[in-house]
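The sequence and structure come first.

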Amino acid sequence: MLWSFNRSRLATVWAGFSFKWYGELLGDASILEAAWVSLRIAFWTATASVVLGTLAALAMTRLRRFPGRTLFGGLIAAPLVMPDVIIGLSMLLMFVSLGEAFHFQPKGMVSIWIAHTTFSLAFVAVVVSSRMAELDRSLEEAAMDLGANRVKVFFLITLPIIAPALVSGWLLAFTLSLDDVVIASFVSGPDSTTLPMKVFSSVRLGLSPKINALATLMIVAVSLCACLGWWLMSRSEQRRKRDRQLALRGGDDGRS
């Protein structure tokens, strides 16, 4: 972050304080376009991963026995242990096979989105499964005893309880997609260069101070989001404590 304010073109030679490279960064259309591509792919990857990962977690935790359960669990967990190079090569071969068989081959952002969703949903499934395993089933059973169907129970009882796990899984999938460079290198097209690919290619030709400025902006953005999340959680916790104290005080007044 300190070197991002260096006036020199050499990233390791200090020549004075300057905001020059931030202006250069904001004027670099290729980096801004790559950042926009990465953000869009990461958003849709995280959203699809949460939906598919939650369905997979429900199947693994609620359907204890069904044909092919072991195979299904192995396929879900496979991206957790497979190298990114293997996943990227496998996705590339799959897209080539689809193109030859059906004359249809996803290209560009669509292919990256499919590839990222394939390995990100495994992480979401693990996070949601751990929360589902700790869920008190008696709450759902009580709701069904009162006349609620399974769909209503899921949206009114189960979903609010596992919401923190869904948010965590979404953020994890977003980060994994935004950070990936190996898999995207296999399945990307000429018009779908992501930000990590752009940074990697520029670093190979020599470290530019613009990359320092970009890294500084990303660190500041993440730090602000973390502080905002901490503030919201702290505020919610304080409100919960205040409501509990009011409830206890009201109960004491009623008994007196």
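**Largest pocket**

By class, the lining of the largest pocket in this predicted model has 24 nonpolar, three polar and one charged residues. Ala, Val, Leu, Ile, Met, Phe, Trp, Tyr, Cys and Pro count as nonpolar, Asp, Glu, Lys and Arg as charged, and the others, Gly among them, as polar. The lining comprises 28 residues, and L171, F174, T175, V222 and C225 lie nearest the centre of the pocket. Its volume is about 1,100 Å³.

A pocket here is an open set of points on a 1 Å grid over the protein atoms alone, where a 1.4 Å probe fits, with protein on both sides within 12 Å along at least five of seven lines; lining residues have an atom within 4 Å of a point. Grid points are joined across faces, edges and corners, and the volume is the space filled by probe spheres set on them.

At least two lining residues come from each of α2 (29–62), α7 (150–179), α9 (195–204) and α10 (209–255). The largest share, 11 residues, belongs to α10. Helices are DSSP runs (H or I, at least four residues), as strands are (E, at least two), numbered from the N terminus.

**Second largest pocket**

The second largest pocket holds about 290 Å³ of space. Its lining consists of L58, R62, L63, R137, E140, M144, R150, V153, F154 and T158. Two or more of these residues come from each of α2, α6 (137–145) and α7, and α7 gives the most, with four residues. By class, the lining divides into five nonpolar, one polar and four charged residues.

**Annotated spans**

The unreviewed UniProt entry places the feature "transmembrane region" at residues 41–59, 71–98, 110–132, 153–173 and 211–232. UniProt positions follow the numbering used here, feature names are shortened, and annotations may be inferred rather than shown by experiment.

In the model, residues 110–132 are 100% helix and 0% strand, with end C-alpha atoms 31 Å apart. Residues 153–173 are also 100% helix and 0% strand, and their end C-alpha atoms lie 26 Å apart.

**H116**

H116 sits in helix α5 (residues 109–133). Is H116 buried or exposed? H116 counts as buried because its relative accessible area is 1%; buried means under 20%, exposed over 50% and partly exposed in between (1.4 Å probe, protein chains only). Leaving aside neighbours within four places in sequence, H116 is in contact (heavy atoms within 4.5 Å) with I41, T45, S177, D180, I183 and A184.

**Basis of the values**

Residues are numbered from 1 along each chain as its sequence is written, and side-chain values use heavy atoms, with hydrogens and water left out. Local features need pLDDT of at least 70 and side-chain atom pairs count only at pLDDT 80 or more, while totals for chains, interfaces and linings use all residues.
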